[in-house]
Amino acid sequence: MPPRPGDRPRLPRPQGKLSTAVLSALSSPSTPTPLSPFPHSPLPSLRTPGPDPLLAPTGAEIQQADPYGADLQLALYVLYELHYQGFDGVDDDREWDPALLAVRRALEEVFLRALRADVPSVGAAEALDGLLVEPVADDGTSVSHHLLRAGRLWQLREYAALRSLYHLKEADPHAWVIPRLRGRAKAGMVAVEFDEFGAGRAEDIHAQLFADLMADLGLETAYGHYLDLAPAEALATVTLMSLFGLHRSLRGALVGHFATVEVTSSPAARRLADAMRRTGAGPAAERFYDEHVEADAVHEQVVRREVVDGLLTDEPGLEPDVAFGIAATVHLEDRLAAHLLDAWRHDRTALRTPLAVTGER
Amino acid sequence: MLVEGPVEVVCDDGSVAVSDRFVVALCTCRRSHCYPWCDTSHRRRARPTPAPEEDAP
């Protein structure tokens, strides 16, 4: 039976050995996790009842995995999702299962190490200044320029389906940073998040505006519905936010990530709003991006002046972390853009499997 | 220009624009496509170089 809005999403299909191990552990009937004795091994086995205990991935297997590949990214995505809405049939308490947390930690280390090796080392101020310059014309690397100029309705639907992994929990990963901030940074962050969460009006929560957009495009609006269709490049953009949001030690990177999103959003949203108008996607589809043009022109200023500047005044030592958060976000968005544009220019689906034409899978 | 909201802005043609956002960004360069609100059209523009992707509101 397809999930109804409000239901928990189903567990996705595995994409390899790591995600198979994690998903098998989660789909087994939940057993109380003994907190004592605490597992001594660095990677305690993922317990399953029955005669054949499932083997946890070894540390070596995790170390050798592709840090950006679908298998590792899906395993990480699923483990993070336990901190958001969870999954149908998975006990809420698995969020704090020490065995799962140990595996998550090992996956995170591989992902973080790759990011630190692959992103340029630039100062936070310089990185933000770079984001504030708009290209005069389409340079061939921008998804929003492509969709504005040549995007077809099926491409807008694919874009919405894969972005729904984030937009249906828009601003949630960033809320985790609030208790880790103080003063101006905290006040600015909460003000922007208040706007993201509808400023007291449930119908204006940005995640709800995105669900309305999806309905205009004939897509299923249930949370997590399109997880199985998402390519690795799309998963990575979302696991990044959860990684930064869940670790207090990465609060600087989370702020850098948030600043990148808010600074780059407004011009891209204008192109996407116009793309929705050009293709006749519908009024809610236009509204989501129109709202982001105006809102993020404000958020960008508040984030730079209050959140970033407030944090770096309070904790100057976090400057490299803020810069890393910016660079890592740009790096993963670039990889996603390259994947999308390559697929669409060859008239291929950018998803793992194409959407059904009617919008119903 | 940032102004604390909510605001009512009376435009040159007499029309009134209303926003109840906590802070509003008013356009002062007249290039905005959603005047009187800022849409970041004031930003410096550069010839295409390998530019960062910017697609996630």
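Predicted model: local features only at pLDDT ≥ 70, side-chain atom pairs only at ≥ 80, totals over all residues.
Let me start with helix H12 of chain A, which bends by about 45 degrees at Ser265(A), with a proline, Pro267(A), following within four residues; the bend here is the angle between axes fitted to the seven residues ending at a residue and the seven starting there. Residues are numbered from 1 along each chain as its sequence is written, chains are lettered from A and ligands numbered from 1 in the order written, and side-chain values use heavy atoms, with hydrogens and water left out.

Of the 28 residues of H12(A), 24 are buried, so the helix is largely enclosed by the rest of the structure; buried means under 20% relative accessible area, exposed over 50%, and partly exposed in between, with a 1.4 Å probe and protein chains only. Just after H12(A), Gly280(A) takes a positive phi of about 65 degrees. Helices (H or I, at least four residues) and strands (E, at least two) are DSSP runs, numbered from the N terminus.

Turning to chain B, strands S2(B) and S3(B) pair in the antiparallel sense over 4 bridges, where pairing requires that DSSP finds at least two bridges between them. Val10(B) stands opposite Val16(B) in S3(B), and Gly14(B), in the turn of this hairpin, has a positive phi of about 90 degrees.

Finally, the cysteines: Cys27(B) is buried, at 11% relative accessible area, yet its sulfur is 4.0 Å from the closest cysteine sulfur, in Cys29(B), which is too far for a bond, a disulfide being a pair of cysteine sulfur atoms within 2.5 Å.
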